[in-house]
Structures are given as structure tokens and as C-alpha cells.
Amino acid sequence: LGPEPVAVQAVTAVSRLAMSSGAQYLQAHLDSATPADLAAAIREFSVDLQDISMYGQAGVGGADPAQAARLKAGEAASMKIAGLCK
């Protein structure tokens, strides 16, 4: 949408809502046949996504130490899932 502040905020807001929706989708579609370790990692990741999204929607950016820690935890959970799916 461009570099204008309103456009940047709009894209950021939509991204955060998509992250929250994605987390809900993961939780709602987690199959009971999913191996326990993978299911736990997916649940952890979806909670991380929801936390990142909610704090982001409240205006907390990645420079905030707690939000940076949440982002790091989300990345670690994502990598764990990727490793379990190999």
C-alpha cells in the first residue's frame, strides 16, 4: 500500500489479525491422530502466535523486550515443528 503511515498501520493490523486467525485455525484443526509431541508443539506455537498478535494489536512492537522474547519463542516453536515434521 505504500510507505505512508496509515498504509503501514493498515498492513500491520491485517498481519496481526491474520496471525491470530492462523493460531485459532491451527488449534481448531489439530487432529486427534497427530503424534503427541507434534500436537504439543503446534499448541505451543499457536499460543505464541496469539500472544504476539494480541500484544501487537495493543501497540507493543518488536523492540519491546517482552515482545522480542515472545517472537523468539514463536520462532523456536516453529523450528521445533519443522524438525518434528522431517
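Trainee: How are H1 and H2 placed relative to each other, roughly parallel or roughly antiparallel?
Mentor: H1 and H2 are roughly antiparallel, because the angle at which their axes cross is roughly 155°. Angles over 145 degrees count as roughly antiparallel, under 35 as roughly parallel, 65 to 115 as roughly perpendicular and the rest as oblique. The axes come within 8 Å, with H1 covering residues 5-28 and H2 covering residues 36-57. Axes here are lines fitted to C-alpha atoms, for helices over the stretch in contact, and angles run from 0 to 180 degrees between N-to-C directions.

Trainee: What should I know about the model itself?
Mentor: This is a predicted model, in which local features need pLDDT of at least 70 and side-chain atom pairs count only at pLDDT 80 or more, while totals for chains, interfaces and linings use all residues. Residues are numbered from 1 along each chain as its sequence is written, and side-chain values use heavy atoms, with hydrogens and water left out.

Trainee: How many helices and strands does the protein have?
Mentor: The protein has three helices and zero strands, and its pattern along the sequence is α-α-α. Helices (H or I, at least four residues) and strands (E, at least two) are DSSP runs, numbered from the N terminus. The C-alpha trace spans about 45 × 25 × 20 Å along its principal axes.

Trainee: Is Ser-20 buried or exposed?
Mentor: Ser-20, which is found in H1, is buried, with a relative accessible area of 11%. Buried means under 20% relative accessible area, exposed over 50%, and partly exposed in between (1.4 Å probe, protein chains only). Leaving aside neighbours within four places in sequence, Ser-20 is in contact (heavy atoms within 4.5 Å) with Ser-53, Met-54 and Gln-57.

Trainee: And how do H2 and H3 pack?
Mentor: H2 and H3 pack at an angle of about 155°, with their axes 9 Å apart, and they are therefore roughly antiparallel to each other. H2 passes H3 in a left-handed crossing. The residues of that contact divide into 11 nonpolar, four polar and six charged.

Trainee: What does Asp-51 touch?
Mentor: Asp-51 touches Gln-67 and Arg-70, not counting residues up to four places away in sequence. Asp-51 lies in H2 and is partly exposed, with a relative accessible area of 33%.

Trainee: Which residues form the largest nonpolar core?
Mentor: That core has 10 residues: Ala-23, Leu-30, Leu-38, Ala-39, Ala-41, Ile-42, Phe-45, Leu-49, Ala-77 and Ile-81. The largest share, six residues, comes from H2. A nonpolar core is a set of buried Ala, Val, Leu, Ile, Met, Phe, Trp, Tyr and Cys residues joined through side-chain atoms within 4.5 Å. Leu-38 touches Ile-81, Leu-84 and Cys-85, not counting residues up to four places away in sequence.

Trainee: What percentage of the protein's residues count as buried?
Mentor: Of the 86 residues, 24% count as buried.

Terms used. A crossing is left-handed if the near helix is turned anticlockwise from the far one by less than a right angle, and right-handed if clockwise. Ala, Val, Leu, Ile, Met, Phe, Trp, Tyr, Cys and Pro count as nonpolar, Asp, Glu, Lys and Arg as charged, and the others, Gly among them, as polar.
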